[in-house]
Amino acid sequence: MARYVALLRGINVGTAKAISMADLAEVFGGLGFSAVRTVLRSGNVVFSSSGPLAVDAARSVEAAVLSSTGVQSSVLLLAGEDFAEIAEANPLLAVATDGSKSFVTFASSMPDRLEAPDAAAIAPELLAVGERAIYQWMPKGSQQTRVPRSFWKQFDAPVTARNWNTVTKLLDLLGE
């Protein structure tokens, strides 16, 4: 059985797009997935599939979530091995001393050309562009980020961020 991670964008942020994790797990079970586990309330799901996912699997999950809960959310699906490789590639682990202030932004696709913000302009934050993700260390917290919104507008496809504490919880579930 192959293991996967689903990251739903923007659910349960404040009171917007509220979905119970029991309902979310039920959606995945209804799609034929097994060993479904949710992590926290922020749209993180680890699940198994008896075969490879269809090319349009993310759209199928989005449609099923909308149909079952009335909530529209972009979904990024990653094979467990890919999720682990992205996590292992984090170049900021040596300086990121607080997992709640270290973030990985997962992208369904990276732009061909990506212009990173000037390091001096965002200091003391650090930002590293990886092959499949953006890594950030925000010592003042994510609400105080100095990365301009224009940086994120370079992405045509959905992106969603998770702090390092959440990433490690998902890695732990993948290892079970």
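Which residue stands opposite Ala161 in β8? Thr105 does.

This is a predicted model, where local features need pLDDT of at least 70, side-chain atom pairs count only at pLDDT 80 or more, and totals for chains, interfaces and linings use all residues. Residues are numbered from 1 along each chain as its sequence is written, and side-chain values use heavy atoms, with hydrogens and water left out.

**Strand pairs**

Strands (E, at least two residues) and helices (H or I, at least four) are DSSP runs, numbered from the N terminus. Two strands pair if DSSP finds at least two bridges between them.

| Pair | Sense | Bridges |
|---|---|---|
| β5 (residues 102-107) and β8 | antiparallel | five bridges |
| β1 (residues 2-8) and β3 (residues 44-49) | antiparallel | six bridges |

Strand β8 spans residues 159-163, and four of its five residues are buried (under 20% relative accessible area, 1.4 Å probe, protein chains only). Leu7 has Asn44 in β3 as its bridge partner.

**The four-stranded sheet**

An open sheet runs β2-β3-β1-β4, with antiparallel pairing. Its edge strands are β2 (34-39) and β4 (75-79), each pairing on one side only.

**Helix α3 against α6**

Helix α3 (residues 80-88) packs on helix α6 (residues 164-175) at about 140°, with axes 10 Å apart. Axes are lines fitted to C-alpha atoms, for helices over the stretch in contact; angles run from 0 to 180 degrees between N-to-C directions. Gly80, Phe83, Ala84 and Ala87 in α3 meet Trp164, Val167, Leu170, Leu171 and Leu174 in α6. Contact means heavy atoms within 4.5 Å.

How values were computed
Buried means under 20% relative accessible area, exposed over 50%, partly exposed in between (1.4 Å probe, protein chains only).
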